[in-house]
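Subject: Structure for you to look at

Hello,

Here is the structure I said I would pass on. Please open it next to this message; my notes follow below.

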Amino acid sequence: MNVQWRKPGLLVPPLCLLLLASGIVSLGIGTAHIPPHDVLSVLIGKPVQGPAEAIVRDIRLPRLILAVLIGAALAVAGTAMQGFFQNPMADPYIVGVSSGAALGATLGMVFRIDFWIAGLSATPVFAFAGALGATFLVYTLSLRGGRVPVGLLLLVGVAVGALAAAATSFLMIIGDEDLRLILFWLLGSLSSRRWAHVQMVLPYVILGITLIWAYARDLNLFLLGEETAQHTGVEVERVKRIVLSAAALLAAAAVSVSGIIGFVGLIVPHLMRLITGPDHRRLIPISALSGALLMVHADMLARTLVAPSEIPIGIITSALGCPFFLLLIARRKDTAF
């Protein structure tokens, strides 16, 4: 499966329209069904009778925007990581982001650390700090003479991730906090997310995507090898630091408010690369839109499959992503990735 779209730029308008239509549908479905015309009325500021306005504006709209931001962030972070490691099997959690976030969030919940900053509880703040802390530790341990060998970075990331996962499991055993609450967070969820969560992640998502987009040409040259990229004028180590930091920032921001959502940063860039080709200048925006679209639909399924209960969104993305990824592997005629 390696058929590339002849004009990838033509994918952007239909993806935008599909994302808009999916968003309107998402705002209308749930325990309380709201017709599309009422949803549109709320969005353009027209008064609507009943509780529809409050449901759409205060509950479902921030959740929808978060789904878009998180999907785009994870997809672009995955695109950057796959270009960085020159391997389409890489994902944004490879440098310890998810394990660090899990450890930070579990610390907050097990020890019942309770505070509020700008409308946010301790859990997302601790998760964000843990994700960035783990990434910084992985980067620092991988430094060798001012350089960061990509292979060493991968090995250190695996080791730090395993250590953080062990610490998380230990805390869950000794803590008397509700394990179901911790597991629900670890599996990913957008339940009870409000505008404060949107305000927390929005600047980081914009900054991270902008930085990675700015270095799209350098990521293209990385595909030819570090030595070739350096000979063409790329400051390899500087680009590594910036791209790695931006990807980690995107993943940390997403994980801090949603928990750990797998496969989005792995499947979306991989599939879009097969469709559009390896040019990051068009791969990045198309991956961002596709990741957002996947998250919106996954969130709809999480809310509606066993309504009025809710399934962790990480289960949905894994259930969709794992078989699809195995199908991609099965269709490949070669063994090199």
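I start with the contact between helices α8 and α11. On the α8 side it involves His-197, Met-200, Val-201, Tyr-204, Val-205, Leu-207, Gly-208, Ile-209, Leu-211 and Ile-212. Their partners in α11 are Ile-242, Ala-246, Ala-247, Leu-249, Leu-250, Ala-253, Ser-256 and Val-257. Sorted by type, the residues of this contact are 15 nonpolar, three polar and no charged. Helix α8 covers residues 195-214 and helix α11 covers residues 236-258; their axes come within 9 Å and cross at roughly 160°. Angles over 145 degrees count as roughly antiparallel, so α8 is roughly antiparallel to α11. The crossing of these two helices is left-handed. Please keep in mind throughout that this is a predicted model.

The crossing of α5 and α6 is right-handed. From α5, the residues in the contact are Ala-134, Leu-137, Val-138, Tyr-139, Leu-141 and Ser-142. Those from α6 are Leu-152, Leu-153, Val-156, Gly-157 and Val-160. This contact divides into nine nonpolar residues, two polar and no charged.

Next, the nonpolar core. The largest one has 101 residues, and Ile-70, Phe-85, Val-95, Val-97, Trp-185 and Ile-212 have the most contacts inside it. Helix α3 (residues 52-84) gives the most to this core, with 18 residues. Val-95, leaving out residues up to four places away in sequence, touches Met-81, Phe-85, Ala-134, Thr-135, Val-138, Leu-153, Gly-157 and Leu-244. Among these, Ala-134 and Val-138 belong to the α5 side of the contact with α6, and Leu-153 and Gly-157 to the α6 side.

Thr-79 lies in helix α3. Its relative accessible area is 0%, so Thr-79 is buried. Beyond its neighbours within four places in sequence, Thr-79 is in contact with Pro-269, Arg-273, His-280, Leu-283, Ile-284 and Ser-287.

Arg-273, one of those partners, sits in helix α12 (residues 264-276). Is Arg-273 buried or exposed? Buried means under 20% relative accessible area, and Arg-273 is at 15%, so it counts as buried. With neighbours within four places in sequence set aside, Arg-273 is in contact with Thr-79, Gln-82, Gly-83, Pro-88, Pro-278, His-280 and Leu-283. Arg-273 and Leu-283 are 10 residues apart along the chain, and their C-alpha atoms are separated by 6.6 Å. His-280 and Leu-283 are in contact with Thr-79 and also with Arg-273.

Last, some backbone angles. Gln-86 is not a glycine, yet has a positive phi of about 55°. Gln-86 is in the loop between α3 and α4 (97-110). With a relative accessible area of 36%, Gln-86 is partly exposed. Ser-192 is another residue other than glycine with a positive phi, here near 60°. Ser-192 is in the loop between α7 (179-186) and α8.

Regards

Conventions: Residues are numbered from 1 along each chain as its sequence is written. This is a predicted model: local features need pLDDT of at least 70, side-chain atom pairs count only at pLDDT 80 or more; totals for chains, interfaces and linings use all residues. Side-chain values use heavy atoms; hydrogens and water are left out. A crossing is left-handed if the near helix is turned anticlockwise from the far one by less than a right angle, and right-handed if clockwise. Helices (H or I, at least four residues) and strands (E, at least two) are DSSP runs, numbered from the N terminus. Contact means heavy atoms within 4.5 Å. Ala, Val, Leu, Ile, Met, Phe, Trp, Tyr, Cys and Pro count as nonpolar, Asp, Glu, Lys and Arg as charged, and the others, Gly among them, as polar. A nonpolar core is a set of buried Ala, Val, Leu, Ile, Met, Phe, Trp, Tyr and Cys residues joined through side-chain atoms within 4.5 Å. Buried means under 20% relative accessible area, exposed over 50%, partly exposed in between (1.4 Å probe, protein chains only). Axes are lines fitted to C-alpha atoms, for helices over the stretch in contact, and angles run from 0 to 180 degrees between N-to-C directions. Angles under 35 degrees count as roughly parallel, over 145 as roughly antiparallel, 65 to 115 as roughly perpendicular and the rest as oblique.
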